[in-house]
Amino acid sequence: MTILDTETATAAGTSWMLCPLCGAIVYAKRYDRGGRICPECDGHGMLTADQRIHSLLDAESIETIEFAETVSDPLEFTDSRSYADRHAQARAATGLIDGIRCARGTIGGAAVVLAVMDFRFLGGSLGAAVGEAVTVAAETALEHGEPLVIVTASGGARMQEGILALMQMAKTSQALRALDAAGVLTISVIADPTYGGVAASFATSTDIIIAEPRARLGFAGPRVISQTIGETLPEGFQTAEFLLEHGIVDMICHRSALRDRLSRILAMAADRGRRIPAADPRHRIRTDGASLPERDSWESVRAARELGRPTTLDYLAVAFDEFIELHGDRMSADCPAMITGLARLDGVPVVVIGTQKGHTAAELTRRNFGMPTPSGYRKSARLLRLAAKLGLPVITLVDTAGAYPGVTAEEQGQAVAIAESLKLLAGLPVPVITVITGEGGSGGALALAVADQVLVLENAVYSVISPEGCASILWKDAAAAPAAAKALRVDSTSLVRLGVADAVVPEPPGGAHRDPVAAAATLRQALRHVLIDCGSLAVTELLARRHHRFRAYGTIRPTIEEFQ
């Protein structure tokens, strides 16, 4: 029995082949039917551009996008063979004009423009034709106001086209910049491999980066790096898993789930501007400070720190309809103490950002006890910019003792990251709603709380410093923490009376940790009420009110009407 690779097996009509990744003997037809995913190692083999388009787009929706003819051999380049001969051979072997195919269509009914690279064509290299095709796809997306999805697989810029190939990086980046300005969603899907000029331009400058499992992505290849610096590279270097850990990609998505994942994201983009139906008048949050009961501040601190108290992920699972988590600061890390992503609240797409603690010692340790690092605030800032671009309301859920105070955090600019978040939120042109769900610790909490409406759960607290820290500094005795908590007025009733919080969200008897599901249901209703109110304001009025809110703290200020 002759065993062939997938391409040869398909061409020869042979039944068996070797998996190109693990070398296992697999049934060729089963391999192709499964989207070229090995049943033994789950490795994702290479798809052609046409296979990719037909696997993603709704069958009856596909419209091919043509792009203008480009200069074919600008340098009249020859190495061991002429570039003209290599190009002609690639055309004959693949049936493609060049290493990319573009189409318009729908995914799960949601409109999209799709540009798919084909590695078979000269290693998917970026030349004038590929750059033109990506640019035309972006311009088509801009014309129709439809999201752009780019599937990449490339070895880098096409050397045979010289400096003109290099210019395609700028040309395509300019095209994507126009989509940013127009508020059009962009997504890249990283297939294996994606390197060089493609990695350093349109593959990584989209709003959302999705990588297939084990797909490799980088500017310089591992061989070049190891030869240049003479170091042994870490296991899994430049793979999707490595890049997720280091904050470069938003998610890893198995090929079998990719169409559904894209459909959900595109549907959220299509539904922006959707409004929540009228709120149920039976579910009211308490906004009158005078009518709120007096609370023991220290007891509130203790309740806010209960280990069983619902976390951001708990609220996302119950209070929201769906959630797609987005990872990474696009620089170096993905802070596990900060959760960010796209969600729906009563069908309305929103961006949710929240600090995450945990319920066990292991989870608390893994989540850094809910204390975000600079990469967490930079990840948050990236999602805030996405919300502004797409016009999506922002909901932040805050439960943190504060920003992480370690040496590495200071080395990475913790103060700068918090300052950037404060400034960004101050001018964000979409509604921002903050909920203090547990502890609101100092600047680390405020970095997520420059909001139009601030809700505080009944047993939550919000303070400039922890009671223990205040007691140690001013009382010279950490045991004076209860007295410090009372003096600082950290409890929910005091926060409303001070004008820092707008309303108290009731908790189940005994606290949110006693009945997390009921607590989440109450929070959902509270968020619906506030989102209805904020969503009705024009951007200019929204920003004016937010400005007045924070301008007034610490002074006796006129009303917003008098201020204007």
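Tutor: Let's go through some helix pairs, a few residues and some backbone details. Keep in mind that this is a predicted model.

Student: Which residues of helix 18 and helix 19 make the contact?

Tutor: On the helix 18 side you'll find Pro 467, Glu 468, Cys 470, Ala 471 and Trp 475. Helix 19 brings Ala 481, Ala 483, Ala 484, Ala 485, Ala 487 and Leu 488. Sort them by class and you get ten nonpolar, no polar and one charged residues.

Student: How many Å should helix 10 span?

Tutor: At 1.5 Å a residue, the 16 residues of helix 10 should span 22 Å. The C-alpha atoms at its ends are 23 Å apart, which agrees.

Student: And which residues of helix 10 are buried?

Tutor: Here's the general idea to hold on to. An α-helix has 3.6 residues a turn, so residues three or four places apart point the same way. Now the case here: the buried residues of helix 10 are Arg 255, Leu 258, Leu 262, Ser 263, Ile 265, Leu 266, Met 268 and Ala 269.

Student: Let's zoom in on a single residue. What does the side chain of Arg 104 make a polar contact with?

Tutor: Arg 104 sits in strand 4 (residues 100-107). Its side chain makes a polar contact of 3.5 Å with the side chain of His 144. Another polar contact, of 2.7 Å, joins the side chains of Arg 104 and Glu 146. Leaving out residues up to four places away in sequence, Arg 104 touches Leu 57, Ser 61, Ile 62, Glu 63, Ile 65, Val 112, Val 113, Thr 140, His 144 and Glu 146.

Student: Where is Ala 111 found, and what does Ala 111 touch?

Tutor: Ala 111 is in strand 5 (residues 110-117). With residues up to four places away in sequence set aside, Ala 111 touches Gly 105, Thr 106, Glu 146 and Pro 147. At 31% relative accessibility, Ala 111 counts as partly exposed. For a sense of distance, Ala 111 and Ala 483 are 372 residues apart in sequence and 59 Å apart in space, C-alpha to C-alpha.

Student: You mentioned Pro 147. Is Pro 147 buried or exposed?

Tutor: Buried means under 20% relative accessible area. At 10% relative accessibility, Pro 147 counts as buried. Pro 147 lies in the loop between helix 5 (128-144) and strand 6 (148-154). Apart from neighbours within four places in sequence, Pro 147 is in contact with Ala 111, Val 112, Val 113, Val 184, Leu 185 and Leu 266. Pro 147 and Ala 110 are 37 residues apart in sequence, yet 9.2 Å apart in space, C-alpha to C-alpha.

Student: What about the backbone itself? Which residues have a positive phi without being glycine?

Tutor: Asp 42 is one of them, with phi near 65°. Asp 42 is in the loop between helix 2 (28-33) and helix 3, and is partly exposed, with a relative accessible area of 34%. Asn 368 also has a positive phi, of about 60°. Asn 368 lies in the loop between helix 13 (361-366) and helix 14 (374-390).

Student: And is the peptide bond from Asp 192 to Pro 193 cis or trans?

Tutor: That peptide bond, from Asp 192 to Pro 193, is cis, with omega near -10°. Look for Pro 193 in strand 7 (residues 186-195).

Key
Residues are numbered from 1 along each chain as its sequence is written. This is a predicted model: local features need pLDDT of at least 70, side-chain atom pairs count only at pLDDT 80 or more; totals for chains, interfaces and linings use all residues. Side-chain values use heavy atoms; hydrogens and water are left out. Contact means heavy atoms within 4.5 Å. Helices (H or I, at least four residues) and strands (E, at least two) are DSSP runs, numbered from the N terminus. Ala, Val, Leu, Ile, Met, Phe, Trp, Tyr, Cys and Pro count as nonpolar, Asp, Glu, Lys and Arg as charged, and the others, Gly among them, as polar. A polar contact is a pair of N or O atoms within 3.5 Å; within protein, one must be able to donate a hydrogen and the other to accept it, and residues adjacent in sequence count only if both atoms are side-chain atoms. The expected span of a helix is 1.5 Å times one less than its number of residues. Buried means under 20% relative accessible area, exposed over 50%, partly exposed in between (1.4 Å probe, protein chains only).
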